[in-house]
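Here is a friendly walk through a two-chain model, written for someone who likes to know the cut-offs behind each word. Please have the viewer open as you read.

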Amino acid sequence: MNEAGIFNAFVTVLKRDLTLAFRTRSEMVNPLLFFVMVISLFPLAVSPDPAVLRSLAPGVIWVAALLATLLSLDSLFRSDFDDGALEQLLLSIHPISVLVLAKVLAHWLVTGIPLLLLAPLLAVLLHLPNDSIPTLLATLALGGPVLSLVGAIGVALTVGLRRGGVLLSLLILPLYIPVLIFAANAISNAAAGLQITGQLYFLAALLVLSLTLAPMATAAALRISLR
Amino acid sequence: MPISKPAQTTAKLQVQGLSCQRDDRTLFRDINFTLTGGQAMQIEGPNGSGKTTMLRILCGLTLPTSGEVFWNDIPIQQDRASYAANMSFIGHAHGIKSELTPLENLQVAMAMTQPRKDFDLIAVLEQVGLRGFEDVPARTLSAGQCRRVALGRLILSRTPLWILDEPFTALDVQGQSQIESMLVNHVTEGGMVILTSHHPLKLRDGLLKTINLRK
């Protein structure tokens, strides 16, 4: 009975956040536009030379994806904090970490998945070899959720502050660096025809680690923020 | 259609030596009281005297500087889940999502408490006077109507303890008397209500306690 209740709560929160995201679509589009714009400006600003772009592509795509995620993070708890819905979540009979996980999953579905779908298109724009595109997708599929999960901790810590934006970036960016290094490196290696299993395993390990620990850390951070 | 709540007369909320300091300012010191089923308590005090902080401590969101809150003799911070199952809180920000309809808001609220399939949410909305507004986004409702949705949560929850921060704010006269009779019913059925309000509650003597936070 209780486990069914927890599952029901998870699904309800997921559905709620997806509905809210769908009804405030313009907020959702913002990070995506940012992602597309940054990447499409690079060939104009740096060089249209395919060789140059090819070597820059992995890093550029991942930096843009990372910053786009960072841009979208603030909305994760902001409106719930402002209208008191967060208090109700904290006072629910279910473990907060489960509800947090549902919220983060919803966030990844509305920001991470669109980034993932757009990335191959932008990779072509940057002359990334076609056979490294599966690797690009794999890194975004493994690393994207890590960005959302780890970001949630930072947002939970700063949601009570009026201008938490700068602090959020300072807190979260160092934690994003391992993901960035392994992901960009995997794509570069794939483009050069080298092994990528090591990097992908590391990304998968980071995903498992953040999947198990981040919801709990986020729950604790939310408790502190609402105090 | 009235929805009855199970009477829980055995429940007990006990507060021992509660003090709270904010930025070197003592909001209140050494508050003690015990509330059992069938009693209400009104927290009074001028603006800024710590009424809301008091309620947030009582529902476990904020930690007191010293002192402890017990639910059935167990500190509430120790067993959050069972306290949450027995307590409903409606704060100053009532947690109604403006992009969701009243019905969706209540569905979410229901999933956060004991799962119960037999509940007719339309009937709950009717009871708080929002029949006909099930499918409009809450942002198109007035402040009073939003508060009614929030109060609808109380009907859903069937928890013995209600903690309410200014429940009468933004309600019209008819709404106020409706909510008041809801509170009185809850107390006479063995529930507990703790509220801050400037609105005097019509309860028999002995059932209503008051605490004044004026120093």
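Chain B holds an open sheet of 5 strands in the order S6-S7-S8-S3-S9, with parallel pairing. Its edge strands, each pairing on one side only, are strand S6 (87–90) and strand S9 (208–212) of chain B. On average, neighbouring strands of this sheet are turned by 15° against each other, direction ignored. Two strands count as paired if DSSP finds at least two bridges between them. Helices (H or I, at least four residues) and strands (E, at least two) are DSSP runs, numbered from the N terminus.

Before going further, a word on the source: this is a predicted model, in which local features need pLDDT of at least 70 and side-chain atom pairs count only at pLDDT 80 or more, while totals for chains, interfaces and linings use all residues. Residues are numbered from 1 along each chain as its sequence is written, and chains are lettered from A and ligands numbered from 1 in the order in which they are written.

**The two sheets of chain B**

Within the parallel sheet, S3(B) and S8(B) are joined by 5 bridges. Ala40(B) has Val193(B) in S8(B) as its bridge partner. H1(B) packs on this sheet, where it touches S3, S7 and S8 of chain B, and its direction makes about 150° with that of S8(B). Helix H5 (residues 143–157) of chain B packs on the sheet as well, touching S6 and S7 of chain B at about 175° to the direction of S6(B). Such angles run from 0 to 180 degrees between N-to-C directions, with axes fitted as lines to C-alpha atoms, for helices over the stretch in contact.

Chain B also has an open sheet of 4 strands, ordered S2-S1-S4-S5, with antiparallel pairing. Here S2 and S5 of chain B are the edge strands. S4(B) and S5(B) run antiparallel and are joined by 2 bridges, and Phe70(B) stands opposite Pro75(B) in S5(B). H1(B) lies across S1, S2 and S4 of chain B, running at about 130° to S1(B).

| Helix of chain B | Strand of chain B | Angle between directions |
|---|---|---|
| H1(B) | S1(B) | about 130° |
| H1(B) | S8(B) | about 150° |
| H5 of chain B | S6(B) | about 175° |

**A covered helix**

How much of helix H1 (residues 51–58) of chain B is buried? The helix is mostly covered, with 6 of its 8 residues buried. A residue is buried if 20 or more other C-beta atoms lie within 10 Å of its own, exposed if 12 or fewer, and partly exposed in between, with C-beta atoms placed from the backbone. The buried residues of H1(B) are Lys51(B), Met54(B), Leu55(B), Arg56(B), Ile57(B) and Leu58(B). Their cover includes strand S1 (12–22), strand S2 (25–36) and strand S7 (161–165) of chain B. After H1(B) comes Gly60(B), which has a positive phi near 90°.

Ile163(B) is in contact (C-beta atoms, placed from the backbone, within 7 Å) with Leu55(B), Leu58(B), Cys59(B), Met87(B), Phe89(B) and Ile194(B), leaving aside neighbours within four places in sequence.

**A partly exposed loop residue**

Asn72(B) is found in the loop between S4 and strand S5 (74–75) of chain B. With 14 other C-beta atoms within 10 Å, Asn72(B) is partly exposed. Not counting residues up to four places away in sequence, Asn72(B) touches Ala11(B) and Lys12(B). Asn72(B) and Leu55(B) lie 17 residues apart in sequence and 18 Å apart in space, C-alpha to C-alpha.

**Chain B as a whole, and its partner**

Chain B has 6 helices and 9 strands. The radius of gyration of chain B, taken over C-alpha atoms, is 17 Å, close to the 17 Å from the globule rule (2.2 Å times the number of residues to the power 0.38) for 215 residues, so chain B is as compact as a globular protein of that length. Buried residues make up 40% of the 215 residues in chain B.

Where the chains meet, 26 residues of chain B are in contact with 23 residues of chain A. The largest share of the chain B side, 6 residues, comes from H3(B).

In chain A, Ala184(A) sits in helix H8 (residues 165–191) and counts as buried, with 22 C-beta neighbours inside 10 Å.

Note on methods. Two residues are in contact if their C-beta atoms, placed from the backbone, lie within 7 Å.
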